[in-house]
Amino acid sequence: MTLSGTFALGRLFGVVVRIHFSWLFIFALIAWSLASSWLPSQYVGWSRGQYWAVGVIGSALLFVCVLIHELSHSLEAIRRGRKVRSITLFFLGGVSEIEDESKSAGEEFWVSIVGPLTSLALGALFGLMYLNFRSGPGQIAALLQYLMVVNLAIGVFNLLPAFPLDGGRVLRALVWRATDSQERATRVASLTGSVLGFGLIGLGIYFVFTNNLVTGIWMVFIGWFIQSAASSVRRDSAERVVVSGRTVGEAMDESFPQVPPGMTIQTLIDEHISRGFERAYLVVLGDTFQGLITATDVRKIPMERRDSTWVSAVMTKSENVITLPPEAPLEEGLRVLAQRNIHQLVIMDSGAPVGLLTRAGVLRVMEVAELLPREGESEGPGRS
Ligand SMILES: [Zn+2]
């Protein structure tokens, strides 16, 4: 998962640590709820400033603990020879951006379970320190008690066997080991993710109606997050099955619309876009491919300038257009579309455009594949 709206904090063990802006909000929310409700309910008689100081420090140390949890996943992955690009902390914890999928069930198991184990160990450590410092200054005891509770909670919550939580990945590894099928394992773990997500939403709604408004809203929100992440994993894995072994050439649109570079934007709108809307037009002069112009490019040109602006002035020039050859694997095409966040890829064969790859085109291939499975893909009776 790549989030936008993040900033980099620095590097730890070669891994870039990024923070999503939602973390600033949650940092303030946790400090506020510690200072204004949890601490005063447990420790009476402090000054307002003391409650706030402990609240802010507690929130900052929670941040460090979540970072340690995430770092443990990353270090275990690195130890097993995988590349970890970054850790991003956002409102519900963190995500590590680990390159490629696990190669084996065992690897998936250990990289996943080390996180919750780390949190539980941190919780136990703070618990021991709390037992020793309980009779000391109240502020330190309060911090230790809070960090114990919150780390144990993070450990237990993440062990829930529901994808995309760590426990769901552990479950996936176990099913993978048992059935020898990563696809089936993903299906099982993401289904339990959806069930747990809907369960949390239901429980949250119950809390909302029984005077626990804030807890209820949080549960609905977390439930919704887990359920949507689980169902998108399920969709992706179904997509991967169909996509694997195919090339972009099989999924591209060969009848792509073309316009000349000397056309005005107004003519492009009148004669092409308003007649049969296409998201993108290849700009071609004679036999040479000059660039690509999209509906988004056109929208940027103010109404009054559309009559005097040429397509060539607005298009993405051919040298900057992202292209792939027709024999490239379809997986790569989808990855480029997703990573660059673009809607189409130009497919080039020996210097000339031969097609456009769009997500809609890939979806069509998937629909056809469901009707006409290729040999070896269906579980039905084989052809003789
Ligand atoms: Zn984790």
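Is S350 buried or exposed? S350 is exposed, with a relative accessible area of 77%. The views below come from a predicted model.

**View 1. S350 sits in the loop between β10 and β11.**
S350 is not a glycine, yet its phi is positive, at about 35 degrees. Look for I347, which stands opposite G355 in β11.

**View 2. Strands β9, β10 and β11 form an open sheet.**
The sheet has three strands, in the order β9-β10-β11, and its pairing is mixed. Strands β9 (323–324) and β11 (352–358) stand at the edges. Each has a single partner strand, so one side of each is left without a neighbour in the sheet.

**View 3. Strands β1 and β2 make a hairpin.**
Strand β1 covers residues 6–12. It pairs with β2 in the antiparallel sense, over six bridges. T6 has H20 in β2 as its bridge partner. Two residues lie between the strands of the hairpin. F13 is found in this loop between β1 and β2. F13 has a positive phi of about 50 degrees, although it is not a glycine. Is F13 buried or exposed? F13 is exposed, with a relative accessible area of 57%.

**View 4. Strand β2 also pairs with strand β3.**
Strand β2 runs from residue 15 to residue 20, and five of its six residues are buried. Strand β3 takes in residues 84–90. The two strands pair in the parallel sense over four bridges. I19 stands opposite L89 in β3. In a regular strand the side chains alternate between the two faces of the sheet.

**View 5. Strand β3 pairs with strand β4 as well.**
Here the sense is antiparallel, and β3 and β4 share six bridges. Strand β4 spans residues 93–98. F90 stands opposite G93 in β4. How many of the seven residues of β3 are buried? Six are, so β3 is largely enclosed by the rest of the structure.

**View 6. A zinc ion is held by H69, H73 and D166.**
The four donor atoms subtend angles of 52 to 151 degrees around the ion, which makes the arrangement irregular. A tetrahedral site would need all angles between 85 and 135 degrees. Along the chain, the donors follow the spacing H-x3-H-x92-D. H69 lies in helix α2 (residues 48–79) and D166 in helix α5, so the pair ties together parts that are 97 residues apart in sequence. Both H69 and D166 are buried.

**View 7. D166 is found in helix α5.**
Helix α5 covers residues 166–179. D166 is buried, yet it has no salt bridge. Which side chain of opposite charge is nearest? That is R169, 4.6 Å away. A salt bridge here would call for a distance within 4 Å. Leaving aside neighbours within four places in sequence, D166 is in contact with H69, H73, S112, G115, P116 and N158.

**View 8. N151 is found in helix α4.**
Helix α4 runs through residues 138–159. The relative accessibility of N151 is 0%, and it counts as buried. What does N151 touch, not counting residues up to four places away in sequence? Its contacts are C65, S119, L120, L122, G123 and F126.

**View 9. A162 lies in the loop between α4 and α5.**
A162 is buried, with a relative accessible area of 1%. It is in contact with G167, G168, A189, T192, G193 and L196, leaving aside neighbours within four places in sequence. Now look back to S350. The C-alpha atoms of A162 and S350 are separated by 48 Å. Along the chain, these two residues are 188 residues apart.

Conventions
Residues are numbered from 1 along each chain as its sequence is written. This is a predicted model: local features need pLDDT of at least 70, side-chain atom pairs count only at pLDDT 80 or more; totals for chains, interfaces and linings use all residues. Side-chain values use heavy atoms; hydrogens and water are left out. Buried means under 20% relative accessible area, exposed over 50%, partly exposed in between (1.4 Å probe, protein chains only). Two strands pair if DSSP finds at least two bridges between them. Lys and Arg count as positive and Asp and Glu as negative; His and the chain ends are not counted. Contact means heavy atoms within 4.5 Å. Donors are N, O and S atoms within 2.8 Å of the metal (3.2 Å for Na, K and Ca); water is not among the atoms, so sites may look incomplete. Four donors count as tetrahedral if all angles lie between 85 and 135 degrees; four count as square planar and six as octahedral if opposite donors are over 155 degrees apart and all others between 65 and 115; anything else is irregular.
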